[in-house]
Amino acid sequence: MILKEFRELRRDRRTLGMLVAMPLLLLVIFGYAASFNVETVKTAIVGAQADQLAATLPTSFFDVTVTDPSGDQAYAEQLLQDNKVDVAFVTGQTPVLALVDGSNLFAAQAIVSVLNRAGDKVTTQVLYNPDLETSWVMVPAIIGLILTFIGTIVTSIGLVKERESGTLEQLAVMPIKPTQVILGKIAPYFLLASIDMVAITVIGMLLFKVPFNGNPFVFALGASLFLFVVLGLGVFISTISQTTGQAIQTAFFFLLPQILLSGMIFPLDAMAPGVRWIGYLLPLTYFTMISQGVMLRGASLASLWIPFTVLTVMAVVVFTGATLRFRRDLAPGRRRHAPAERHEHEAPTP
């Protein structure tokens, strides 16, 4: 029995890869990415004494990216709303006013801790999350996590069942294109995920008092693009899986990095550069930017053009790949033909 199990593991490359790759993946992630310590923050300094203050700030922590002696408090708040900086100092008044972006929770906590040591030289004002509530930051990210779960795991299982039940062959002979088959299969999941998104958003706002300061249309557009990406991933997973178990295993390979490396739990700025780049390849990273930006900061579509563009490109690439793979599965030369039916007058083969 022991030898039999080893032979089955050797043939099941996917399970064997999960046994080997998953521990290594967790080791690397928790070794290099599991950090809440933000070492540097993007900083803007505006006002009459901007240059003088820039020369005195510790550059090891404050990475000054904007210095504008002609800028005012409104300009500083706009930089924060557009997520261009984490903190903005407004000079020309006593004491200096430090505006902190509370939607970037871990960076904000680090900034407040540093500025508190400055005593009465700086007045700190936290915007978009004044009390630095963890739930305000987590709820927008959890919305994306739920959509990811539905898109990758539930969708892939639903399509793999077509293969297991033998109805994939019936789809192959129907007079519809593979693209139409995919759209028809994911439409119910898209609708259910949209309902879940609305429900979770409303419940999060009611239970945790999370604000919604932005345009609902911008939020809905970002959620729709993100849904197309994760649903496309679910279709792609189904095309490389033969059974429900394989689909679940593969979906977890896609799901786990999105939980740990998207900035949802650990801040991207605190990750080692060798791991951080993986986070910028994950769709949940960009939806979190959109959801937190719209809900907490009231960010506009123009200020969120980068995550919107990336999600659009991802949706096109993923759906194209899924359609090509699905078309290959439906090709006559690659289908598993069911046993030929015998006519009643034919005698069974001895």
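These exercises work through rings, a sheet, a pocket and some backbone features of one predicted model.

The model is predicted: local features need pLDDT of at least 70, side-chain atom pairs count only at pLDDT 80 or more, and totals for chains, interfaces and linings use all residues. Residues are numbered from 1 along each chain as its sequence is written, and side-chain values use heavy atoms, without hydrogens or water.

**Exercise 1. Classify the ring pairs F190–F228 and F226–F287, and place each one in the chain.**

Step 1. Rings of Phe, Tyr and Trp (its six-membered ring) pair if their centres lie within 6.5 Å; planes under 30 degrees apart are stacked, over 60 edge-to-face, and the rest tilted. The structure holds seven aromatic pairs.

Step 2. Take F190 and F228. Their centres are 5.3 Å apart and their planes stand at 40 degrees, a tilted pair. F190 sits in helix 8 (residues 178-208) and F228 in helix 9 (residues 216-239), 38 residues apart, and the pair links distant parts of the chain. Helices (H or I, at least four residues) and strands (E, at least two) are DSSP runs, numbered from the N terminus.

Step 3. Check exposure. Buried means under 20% relative accessible area, exposed over 50%, partly exposed in between (1.4 Å probe, protein chains only). F190 is partly exposed at 22%. F228, at 33%, is partly exposed.

Step 4. Turn to F226 and F287. The centres lie 4.9 Å apart and the planes meet at 20 degrees, so this pair is stacked. F226 belongs to helix 9 and F287 to helix 12 (residues 283-297), 61 residues apart. Both F226 and F287 are buried.

Step 5. Ring pairs join F212, F219, F226 and F287 into a cluster.

**Exercise 2. Characterise the lining of the largest pocket.**

Step 1. Locate the residues closest to the centre. Of 30 lining residues, these are K42, N83, N104, L268 and M289. On a 1 Å grid over the protein atoms alone, a pocket is an open set of points where a 1.4 Å probe fits, with protein on both sides within 12 Å along at least five of seven lines; lining residues have an atom within 4 Å of a point.

Step 2. Assign the helices. Helix 5 (105-116), helix 12 and helix 13 (305-330) each supply at least two lining residues. Helix 12 gives the most, with six.

**Exercise 3. Describe the backbone at P95, Y128 and K209.**

Step 1. T94 and P95 are joined by a cis peptide bond, with omega about -5 degrees. P95 lies in the loop between strand 3 and strand 4 (96-101).

Step 2. Y128 is not glycine, yet its phi is positive, near 70 degrees. Y128 is in the loop between strand 5 and helix 6 (134-165). At 17% relative accessibility, Y128 is buried.

Step 3. K209 also has a positive phi, near 60 degrees. K209 lies in the loop between helix 8 and helix 9. With 60% relative accessible area, K209 is exposed.

How values were computed:
Ala, Val, Leu, Ile, Met, Phe, Trp, Tyr, Cys and Pro count as nonpolar, Asp, Glu, Lys and Arg as charged, and the others, Gly among them, as polar.
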